[in-house]
Amino acid sequence: MSLKKKRTMSRLYGIIGALIISTMGFSQLNEVTIGYQLSLPQSAMKNGCYSGHGLHFGNFRHFKYVKGFSVGADFGIGSYASVSHPQQYVFRDGSITNTEAVLSSSLYYASLAARYVPFSRKNVSTFIEVQGGYFGMYSSIFIADPLDPLGCRALENRNLVGSGTAYWSPGAGLQILLNKNPKREVHTLTLGTRFISGRALEYANMNRIYHNHSNGPVQPSLEPSNGESPLMITFINVATNERHEHSVAELYTHPLRALQFNLSYSYRFGK
């Protein structure tokens, strides 16, 4: 990321943070939000990253003297892959070990947000928003012990892969008023979409599972090609005490690009 872009992002986060702090003393209504969220990878992230499903939670404060404007925080967590696949490892002496690899991949984010609803008193209104925060992805890979007591075993049964990046996100959507005569309490339904952009992330998946792994001594992992490289895990043959590396999944490194859709319920209350 260029120095100019870093400064721009820092200013954006600073402005949103200042708005949230200032609104604590001048806000009138508090709003809590919960909803379903769908994340669709875009650009290079379509390689190895499936659609993510999860929940998001938000808390917003509304200004007394600026109708329709609110600032707050938004949090989300979800899953983009859960795969269980049999694995077969072949050694130089011709012996074969069968086991199973289980991959669970999740995503999460935390952000500051500012939103403006120009027609907040109408039954249906559009809105625009901007968010900035931290987005992370992580995977847990579990290698089961083989049925053969003299077979090949992973030196580590559970391996974690994860990384994160700062991101920013413009968005828009519709706000639907659910109660007809809102006074101090307001119930709304929100349909929104936003585009998430950030620096490169490393994430794992099992798009190509190799049933017959190459055998031999431990070798260094392959260099990434087009943002993709095998995830190598060291195994040991119990009978011969020989160590090997086997590919159990793929690692991807691509800039964060995703399109998010959310359906949310909000409850607004206050003085």
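**Figure 1. Contacts of Glu129 in the predicted model.** Leaving aside neighbours within four places in sequence, Glu129 is in contact (heavy atoms within 4.5 Å) with Ala114, Arg115, Ser169, Pro170, Gly171 and Arg194. Glu129 is found in strand 5; helices (H or I, at least four residues) and strands (E, at least two) are DSSP runs, numbered from the N terminus. The side chains of Glu129 and Arg115 are joined by a polar contact of 3.0 Å, and a polar contact of 3.0 Å also joins the side chains of Glu129 and Arg194. A polar contact is a pair of N or O atoms within 3.5 Å; within protein, one must be able to donate a hydrogen and the other to accept it, and residues adjacent in sequence count only if both atoms are side-chain atoms. Glu129 counts as buried because its relative accessible area is 8%; buried means under 20% relative accessible area, exposed over 50% and partly exposed in between, with a 1.4 Å probe and protein chains only.

This is a predicted model, in which local features need pLDDT of at least 70 and side-chain atom pairs count only at pLDDT 80 or more, while totals for chains, interfaces and linings use all residues. Residues are numbered from 1 along each chain as its sequence is written, and side-chain values use heavy atoms, with hydrogens and water left out.

Figure 2. Rolling a probe the size of a water molecule over the atoms shows where empty space is left. On a 1 Å grid over the protein atoms alone, a cavity is a set of points where a 1.4 Å probe fits but cannot get out, and lining residues have an atom within 4 Å of a point. Grid points are joined across faces, edges and corners, and a volume is the space filled by probe spheres set on the points. By this rule there are 4 cavities of 30 Å³ or more. The largest cavity holds about 90 Å³ of space. It is lined by 14 residues, of which Thr33, His56, Arg115, Arg194 and Ser264 are the closest to its centre. At least two lining residues of the largest cavity come from each of strand 2 (52-63), strand 5 (124-143), strand 8 (186-205) and strand 10 (243-270). The lining of the largest cavity has 2 nonpolar, 8 polar and 4 charged residues. In this scheme Ala, Val, Leu, Ile, Met, Phe, Trp, Tyr, Cys and Pro count as nonpolar, Asp, Glu, Lys and Arg as charged, and the others, Gly among them, as polar.

**Figure 3. The second largest cavity.** The volume of the second largest cavity is about 70 Å³. Of its 13 lining residues, Ser39, Met45, Cys49, Leu107 and Ala258 are the closest to its centre. Strand 1 (27-41), strand 5 and strand 10 each give at least two residues to the lining of the second largest cavity. Strand 1 has the largest share of this lining, with 3 residues. By class, the lining of the second largest cavity has 10 nonpolar, 3 polar and no charged residues.

**Figure 4. Thr190 in strand 8.** Thr190 has its place in strand 8. Its relative accessibility is 3%, so Thr190 counts as buried. Not counting residues up to four places away in sequence, Thr190 touches Arg115, Phe127, Leu174, Asn262, Leu263, Ser264 and Ser266.

**Figure 5. Gly162 in strand 7.** Gly162 lies in strand 7, which covers residues 158-177. Gly162 counts as partly exposed because its relative accessibility is 45%. Met137, Tyr138 and Glu202 are touched by Gly162, not counting residues up to four places away in sequence. Gly162 and Ser140 are 22 residues apart in sequence, and their C-alpha atoms are 8.8 Å apart in space.

Figure 6. Ser43 is found in the loop between strand 1 and strand 2. Ser43 is not a glycine, yet it has a positive phi of about 55 degrees. With a relative accessible area of 53%, Ser43 is exposed. Phe119 lies in the loop between strand 4 (96-116) and strand 5. At 46% relative accessibility, Phe119 counts as partly exposed. Phe119 and Gly68 are 51 residues apart along the chain, with 7.1 Å between their C-alpha atoms.

Methods
1 Å grid on protein atoms, 1.4 Å probe; cavity = no way out; pocket = protein on both sides within 12 Å on 5 of 7 lines; lining within 4 Å.
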